[in-house]
Amino acid sequence: MDAQVKKKKLGLKPRYQAMTRGLDWQTSYQDMDKVFPYDKYEGIKIHDWDKWEDPFRLTMDAYWKYQGEKEKKLYAVIDAFAQNSGQLGISDARYVNALKLFIQGVSPLEYCAHRGFAHAGRHFTGVGARVASQMQSIDELRHYQTQAHTISNYNKYFNGMHKSNHWFDRVWYLSVPKSFFEDAMTGGPFEFLIAVSFSFEYVLTNLLFVPFMSGAAHNGDMSTVTFGFSAQSDESRHMTLGIECIKFILEQDPANVAIVQRWIDKWFWRGYRLLSIVAMMQDYMLPKRVMSWKEAWEMYAESNGGALFKDLARYGIRPPKGWEDACEGKDHISHQAWNTFYNYNAAAPFHTWTPNAEEMEWLTEKYPDTFAKYYKPRFEYYGEQHKQGKRFYNTTLPMLCQTCQIPMVFHEPGDPGSICYRETDHQDVKYHFCSDHCKEIFTNEPEKYVQAWLPVHQIYQGNCFPEGTDPTVEGFDPLAAVLDYYEIEVGKDNFDFADSEDRKNFREWKGGVEEEVSP
Amino acid sequence: MSNVFIAFQANEDSRPIVDSILADNPEAEAVYSPGLVKIDSPNRLVVNRETIEEEIGRDFDLQEIHLNLVTLSGHIDEDDDQLTLSWEH
């Protein structure tokens, strides 16, 4: 009898070598520097690209196989969720507002990352880095698509999702994530890797995908958990790329250390500011909570990031400059962000609310040093006003930070009773900042940040009204014109949850069961 | 000394992998939260292909862990037989 002889396959390490080396060529008709114009100007010196190794040693053939399996699993869940009216199984309709923020502000970043990695992959001269960037570029496109497909089921039943792409380019708070990623994409390829792969993916992304997705599971949202964890399974590969790229760059040349350190300082702080929105989602928007922002920060940033920077000390890298201020902020930023959106909910296409009694208690317990003292009285006052039919909507526009584009709502470090303001002059124009770190980012590259498209400035300059609007006519209502330009459906997409169509509909679908909301 | 960690979706595919890791790393501890299991271990953690194969009774390609992997920390080294996470300080 003939025994079937199994063909001997290459082991993981030789297979990785075979599939990632020698795939490039030296150009001869054109100068290499002309074909790869961006790989030197940042000042990063690379002597031997062959030292780049993907620790997972994933090759394109294995990549397609495993990604295909992940997709099959995910789409089976998405279909089952839609078929079985999974949207009725969520904890309560307030939860959907977290998904609105996700599709408005996070999913478009996945698409930006797809573009960014395609660009970086094109412009590195090392093949290992190009293959890794290619995989990540495809991953990010997959994330955008799976998020759009998953959340489209919710869009059939709830407001606040129908124009998310249109909003991303216009609505005031979405300029925060948009400008973050456009800042990264317009850096050189090495800065992009340090910004996205290292500072964001490795140091900060766990805070977005891990506790929040666990929260989605806890709130009965099977489809979001599945896309979240399916994305996160790619994310662990991206994090690996992040730590690999930083080791590689630092080991290539001692002159790289100072350049990389400045990028880490910059991108840690940019990412931290961006995550204010995630802090608020975790503490205020999940009706059933898994852990507080503060606990997540301690677990994933302080303990894990601490270990990372201890490890990188051997290269002469220190923790980012904003590290201590970020750690001090863990007691505050979720409350400050939620307060801001509560104020400006007339101009935001999702709902806010004041925490109910049980939630106030949870927040007090999780933030023993700050919540009861600084934030609870505010929410109680808002709740009282709302009960009397005077729901507070702030109608004046806030001052924005020139760098992170967030309204000036953060406290002076160490002094929660006052707001932190910084300013600087550049070519006879004054610029304003929310922190020392945002100011320093500006002063390092003023030519870049003077170009910022700040939503508040644009509104005041008349650039955010529908075409043909005449602001000089009697009775002109600028806010209404801006909402019209945004294409927000007033009374459906915006305002307090308590008064919303989402709430009314959900109650009817559930047969009149009342969720516990305040007031 | 710092912890390394690895986290998986809490499902039936991951269960034997988690059990194998806990068996091979006596200092490792598993923490469960909704949908997720996270394993912390001081300084180092090893995932062995052989232990998983004994657990599930079939051949296992270590790269299959990508299907249910959620996150990890530390420096990674992987070959056909094991995946190691470690900090070097």
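**Note on the predicted two-chain model**

1. Of the 89 residues in chain B, 40% are buried (20 or more other C-beta atoms within 10 Å of the residue's own; 12 or fewer is exposed, in between is partly exposed, and C-beta atoms are placed from the backbone). This is a predicted model, in which local features need pLDDT of at least 70 and side-chain atom pairs count only at pLDDT 80 or more, while totals for chains, interfaces and linings use all residues. Residues are numbered from 1 along each chain as its sequence is written, and chains are lettered from A and ligands numbered from 1 in the order in which they are written.

2. Overall form of chain B. The radius of gyration is 12 Å, which agrees with the value near 12 Å for a compact globule of 89 residues (taken over C-alpha atoms; the rule is 2.2 Å times the number of residues to the power 0.38). The C-alpha trace of chain B spans about 35 × 30 × 20 Å along its principal axes. Among contacts (C-beta atoms, placed from the backbone, within 7 Å) in chain B between residues at least 6 apart in sequence, 60% join residues at least 24 apart.

3. Elements of chain B. There are two helices and seven strands, where helices (H or I, at least four residues) and strands (E, at least two) are DSSP runs numbered from the N terminus. Along the sequence the pattern is β-α-β-β-β-α-β-β-β.

4. Sheet in chain B. Four strands form an open, antiparallel sheet in the order E2-E3-E1-E5; strands pair if DSSP finds at least two bridges between them. Its edge strands, each pairing on one side only, are E2 (29–33) and E5 (69–72) of chain B. On average, neighbouring strands of this sheet are turned by 20° against each other, direction ignored. E1 (residues 3–9) of chain B pairs with E5(B) in the antiparallel sense over three bridges, and Ala7(B) stands opposite Thr71(B) in E5(B). Helix H8 (residues 189–218) of chain A packs on this sheet, touching E1, E2, E3 (36–42) and E5 of chain B.

5. Contact between the chains. Chain A gives 31 residues and chain B gives 26 residues. On the side of chain A, two or more residues come from each of H1 (12–20), H3 (60–83), H8, H9 (222–252) and H12 (293–312). H9(A) has the largest share, nine residues. This side of chain A divides into 14 nonpolar, 10 polar and seven charged residues (Ala, Val, Leu, Ile, Met, Phe, Trp, Tyr, Cys and Pro are nonpolar; Asp, Glu, Lys and Arg charged; the others, Gly among them, polar).

6. Helix pair in chain A. The axes of H11 (residues 276–285) and H14 (residues 333–343) of chain A come within 8 Å and cross at roughly 90°. Residues in the contact include Met280(A) of H11(A) and Trp338(A) of H14(A).

7. Hairpin in chain A. E3 (residues 422–426) and E4 (residues 429–433) of chain A run antiparallel, joined by five bridges. Two residues lie between E3(A) and E4(A) in this hairpin, and Gln427(A) in the turn has a positive phi of about 45°. Thr424(A) stands opposite Tyr431(A) in E4(A).

8. Lys51(A). This residue lies in the loop between H2 (32–35) and H3 of chain A. Lys51(A) is partly exposed, because 13 other C-beta atoms lie within 10 Å. Leaving aside neighbours within four places in sequence, Lys51(A) is in contact with Phe248(A) and Glu251(A).

Conventions
Axes fitted to C-alpha atoms, helices over the stretch in contact; angles between N-to-C directions. Contact = placed C-beta atoms within 7 Å.
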